[in-house]
Amino acid sequence: MAAHRKPRQSPLSGHTVRTAATLALAGAATATAFDGTGHAEPQLTPTQVKAKVARLYQQAEDATEKYNGAKEKADTARHRLDGLQDQAARKQQRLNTARDALGSIAAAQYRDGGIDPAWQLALSSDPDHYLEGAALAERAGDRQADAVSRVRDQLREIERLRGAARVELKSLRSRQTELKRQKKTVTGKLEEARRLLSRLTPQQQAEATGDGTGAGRASRSASEPRDTPEPTASSPAPNSRAAAAVSYAYAKLGSPYVWGASGPNAFDCSGLVQAAYRSAGLSLPRTTYAQINAGRRVSRSELQPGDLVFFYSGISHVGLYVGNGQMIHAPNPSAPVRLAPIDQMPFAGATRVA
């Protein structure tokens, strides 16, 4: 009878083989990654970088206008809150004075012992003098009742002001949260644009940012007229305010773009337009969304120097028209305040504010 032998174990079990295979694959993948043949971020051509940077700048500008709007509302809420707190403080001071006066009256009554008036009359050595004093006391009592009523009114008013201040504080905190969110969006878009541009040579970077806000003429609306006659370069501004705004914009050529800035040394697009008309004595809203509704709408064929010209379907960019199809605008962080053709971006409308 043959002896039964225990089958000899393979030096590599199934589990060990699988483990070894996994390690081998991992090593191969690591080696591939180190020798540069792994899956890397796709390389963009200069043209693709230019298009992507233009989109990022447009998105950043849209977020900038939302930031400007939130900041304007936050500043208004802060101003209202400060006013309510000042009113409450002044009324609290008057309330404290009124309370002190009531306390003095109460102390005097306590010192007099609060004797019943009938007994005071009976015990008085001079009844006529007492009756005269009692009439004065009654009038004083009426004045005291009026003082108490005023104190109560002041308490109610102070509570109303404090309630309004709590509501305003809640609004302010909401605006501040929105500010932080939009700021994060803007800085993220701008940082991504800078990262993309850093891949290009200086010459390619200049080509990518040389036409301002980018977007090119090819993205113009199909319904937008392409052969609309423009006013000549010598077209005068329609009035002194428009002329002053145009003069201010020319004086700011070359100033840096800084998002959220409205002068005097740096600007974003709506900040430049606002500052230009502020110098002319006219107050404009802070954002493009509000500026387009700040005056009378005009067609592209009616443009005159001093008109505000708006771009993109979201009304996220604005410039100041200066004649001959040109505007002065603050393009983006890669370009300073400059003169540019208005057909450089998709035209969205125009407004005459002066």
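1. Where does Ser262 lie? Ser262 sits in the loop that runs between α6 and α7. Please keep in mind that this is a predicted model.

2. Leaving aside residues up to four places away in sequence, Ser262 touches Phe267, Gly271, Gln274, Ala275, Arg278 and Arg286. Ser262 and Val273 are 11 residues apart along the chain, with 8.4 Å between their C-alpha atoms.

3. One of those contacts of Ser262, Phe267, leads us to the largest nonpolar core, which has 27 residues. Phe267, Tyr277, Leu284, Leu308 and Leu320 have the most contacts inside this core. Two or more residues each come from α6 (240-251), α7 (269-279), β2 (308-311) and β3 (317-323), and α7 gives the most, with 6 residues.

4. Leu284 deserves a look of its own. Not counting residues up to four places away in sequence, Leu284 touches Val273, Gln274, Tyr277, Ala294, Leu308 and Val353. A second, separate core has 12 residues, including Tyr57, Ala60, Leu190 and Leu196.

5. How many cavities of 30 Å³ or more does a search of the whole structure find? The search finds 1. The largest cavity holds about 40 Å³ of space, and Tyr57, Ala60 and Leu190 are among the residues that line it. Others in the lining include Glu61, Trp259 and Pro333. Helix α2 (residues 46-112) gives the largest share of the lining, 4 residues. By class, the lining has 6 nonpolar, 2 polar and 1 charged residues.

Methods. Residues numbered from 1 in each chain as written. Predicted model: local features only at pLDDT ≥ 70, side-chain atom pairs only at ≥ 80, totals over all residues. Heavy atoms only, no water. Core = buried A, V, L, I, M, F, W, Y, C linked by side-chain atoms within 4.5 Å. Buried < 20%, exposed > 50% of the residue type's maximum accessible area, 1.4 Å probe, protein only. Contact = heavy atoms within 4.5 Å. 1 Å grid on protein atoms, 1.4 Å probe; cavity = no way out; pocket = protein on both sides within 12 Å on 5 of 7 lines; lining within 4 Å. Points joined across faces, edges and corners; volume = space filled by probe spheres on them. Nonpolar A, V, L, I, M, F, W, Y, C, P; charged D, E, K, R; others polar.
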